[in-house]
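Work through these exercises with the model open. Try each task before you read its solution.

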Amino acid sequence: LGWAVFELVVIAAAAQQLFPGHARWPYVVVAGVFTTVMALRPLGAVRALRRYALVAVVAATIYLFVQLGRHPVVSLTDGSWSGFWLAADVVIAVAVSWVPLAADYSRHSRSGRSAFLGSFLGYTVTQIAYYTLGLLAFATVVSSQGDTQTNLFMAFLAVPFGWLPFGVLVLRELDESFTNVYSTVVSIQNVRPLSDRRILAVIIGTLATILALVLQIADYQSFLYLLGSVFVPMFAVFAVDYFALHGRPRWDCSRDAPPRWVMLAPWLLGFASYQLVNPGSVSWWASAWTSVQRAIGFTPPTWMSASVTSFAVAAAATF
């Protein structure tokens, strides 16, 4: 649900750059309506996206790479490593928070092999490509001062005919908001199997739209750090149990699967470790964890990654 909200926020912010001078709320509402309609017919939406949107997005991406690549790139020896792990934690948070969604759409795959390759290649190729595109923009024509999100949008619009490929990427973002609404619906159905998927899609889509009208793009980074602190240690617990402690042969996904509440303990330790290293920027939340740091006499060094530390602690505790 959180991702669905921020996808709508991003779409609206980008649309305001494409059509400046207009109010923000109509873009949020229109994007919310399209998102909800797509979630009502998920397979039809995926087929249409695969047939038409994929080609347009690849062409737009190649065009932006070529245009930005024509500018001189800053020296690779400029700057410092001081912000490296903060940036890495954001990247990891984005990646790991999308991992649970793979189960929601790969269930329509025709084989286990296609489910794995589609998810693995889809995540890997697109994330590397678009982080590279963003870094190329920041290394050529974008100022890192001020609102970096707006600056990045302006960089794409600044290239010749940039409004067209940028518009394609904005429209394609509806795929992400739709996927998140659909995933939320599937998650609810896992708990309440008799719920009507279409009614849930309308409720979740409406709720995401309302929240997107309230939240701003500035809240995005804090949201990512919170997601990372939840999912990184959760993934560590799963990976250790499944791959290292022979969990695969005894894995039980049936309705009668017994709860294992003790597994929350290593997850909670990993969550706390993440917050102690990087509590984010929400004032009251960060202040609470800073107080804990002082109480235990811990000052996180600049070289320490919240994600790596959280994963290591949760993995060790699971063993």
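Predicted model: local features only at pLDDT ≥ 70, side-chain atom pairs only at ≥ 80, totals over all residues.

Residues are numbered from 1 along each chain as its sequence is written, and side-chain values use heavy atoms, without hydrogens and water.

**Exercise 1.** Describe how helix α1 packs with helix α9.

Step 1. Take α1 as residues 2-18 and α9 as residues 197-214. Their angle is about 55 degrees, and their axes are 8 Å apart.

Step 2. Classify the angle. Under 35 degrees is roughly parallel, over 145 roughly antiparallel, 65 to 115 roughly perpendicular, and the rest oblique. The two helices, α1 and α9, are therefore oblique to each other.

Step 3. List the contact (heavy atoms within 4.5 Å). Helix α1 gives Ala-4, Val-5, Leu-8 and Val-9; helix α9 gives Ala-208, Thr-209, Leu-211 and Ala-212.

**Exercise 2.** Is Val-94 buried or exposed?

Step 1. Locate Val-94: helix α4, residues 84-98.

Step 2. Apply the cut-offs: buried is under 20% relative accessible area, exposed is over 50%, and partly exposed is in between (1.4 Å probe, protein chains only). Val-94 has 14%, so Val-94 is buried.

Step 3. Find its contacts. Not counting residues up to four places away in sequence, Val-94 touches Trp-3, Gln-127, Tyr-131 and Leu-224.

**Exercise 3.** How far apart are Val-94 and Gly-118 in sequence and in space?

Step 1. Along the sequence, the separation is 24 residues.

Step 2. In space, it is 18 Å, C-alpha to C-alpha.

Notes. Axes fitted to C-alpha atoms, helices over the stretch in contact; angles between N-to-C directions. Helix = DSSP H or I, 4+ residues; strand = E, 2+ residues; numbered from the N terminus.
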